[in-house]
Amino acid sequence: MTGDLEYTPFELMAVAGARELKDGEVVCVGLGLPVIASFLAKRTHAPNLTLLFELGVIDPEPIHTGVGLADPRIWYRAKILSSFVDMLGTVLHKGLVDVGFLGGLEIDAYGNLNTTLLRDPKGKFRHFTGSGGANDIASYARRTITIIRHEARKLNEAVSFVTSPGYLRGGGEREAAGLSGGPSRVITDKAIFDFDPESKRMRLVSIHPGITLED
């Protein structure tokens with residue numbers, strides 16, 4: 001980013017993510033920037049969004065940024081306090097979620113997400129938190145938005161481990177696996193991407209202000 005811009009890369013990513021959400025949609029929100037982007041959308045152009053947290057919280061009014069989705073300060077004045085089974089089973093698996101909004105450690109050319117393990121330069125693997133509800137969300141939301149830092153170690157031709165499916169290896173593999181929806185946008189701190197309707201590979205849509213194509 002150039003020095004004269006009055007916002008941080010994370011703020012830019014949050015705004016770009018918020019703009020992808022439409023008023024009246026049901027959004028299953030993952031940890032981190034998706035939370036900030038979703039509440040920004042709800043408090044600006046999309047007041048009728050319904051926001052779901054995988055652990056069973058619907059439409060809270062947070063009084064603090066908290067330290068994770070399990071922080072009760074994020075649950076304040078929620079319309080419903082329920083369970084994982086209700087959110088992932090009763091709502092998500094019935095096809096009632098319009099948007100799955102996720103982050104990740106690593107994403108590949110077909111929108112497959114990895115939040116499970118990464119290989120270090122010495123060939124060893126480091127394990128992370130894994131799926132939580134992300135696999136369910138990526139599998140059954142009508143469309144998925146991913147927000148991730150634009151770094152060589154995070155954007156790869158193939159991920160080290162498919163935690164949450166995108167278009168798998170392209171073609172009709174996702175449909176053949178019985179999965180609905182699919183990735184629609186990838187938002188980074190440098191650009192926005194979508195997916196080619198035929199090949200299902202990620203492609204560039206726009207570049208953020210202050211960024212060049214070479215960047």
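Is Ser 139 buried or exposed, and what is its relative accessible area? Ser 139 is buried, with a relative accessible area of 3%; buried means under 20%, exposed over 50% and partly exposed in between, with a 1.4 Å probe and protein chains only. The structure shown is a predicted model, in which local features need pLDDT of at least 70 and side-chain atom pairs count only at pLDDT 80 or more, while totals for chains, interfaces and linings use all residues. Residues are numbered from 1 along each chain as its sequence is written, and side-chain values use heavy atoms, with hydrogens and water left out.

**Figure 1. The whole protein chain.** The protein chain has 5 helices and 14 strands; helices (H or I, at least four residues) and strands (E, at least two) are DSSP runs, numbered from the N terminus. The radius of gyration is 17 Å, close to the 17 Å that the globule rule gives for 215 residues, so the protein chain is as compact as a globular protein of that length. That radius is taken over C-alpha atoms, and the globule rule is 2.2 Å times the number of residues to the power 0.38. Along its principal axes the C-alpha trace spans about 45 × 45 × 35 Å. Buried residues make up 48% of the 215 residues.

**Figure 2. Ser 139 and its contacts.** Ser 139 is found in helix 4. Leaving aside residues up to four places away in sequence, Ser 139 touches Pro 165, Arg 174, Leu 179 and Ser 180; contact means heavy atoms within 4.5 Å.

**Figure 3. The buried residues of helix 3.** Helix 3 covers residues 84–92, and its buried residues are Met 87, Leu 88, Val 91 and Leu 92. Seen down the helix axis, they fall within an arc of 115°, so they line one face of helix 3. The arc is that of the directions from the helix axis to the C-beta atoms. An α-helix has 3.6 residues a turn, so residues three or four places apart point the same way. Strand 2 (50–53), strand 3 (57–58) and helix 4 (134–140) pack against the buried residues of helix 3.

**Figure 4. Helix 1 and its cover.** In helix 1 (residues 9–19), the buried residues include Leu 12, Met 13 and Ala 14. Among the elements covering the buried residues of helix 1 are helix 2 (33–43) and strand 5 (99–102).

**Figure 5. The loop at His 150.** His 150 lies in the loop between strand 10 and strand 11 (155–156) and is partly exposed, with a relative accessible area of 22%. The C-alpha atoms of His 150 and Asp 189 are separated by 5.9 Å, although the two are 39 residues apart along the chain.
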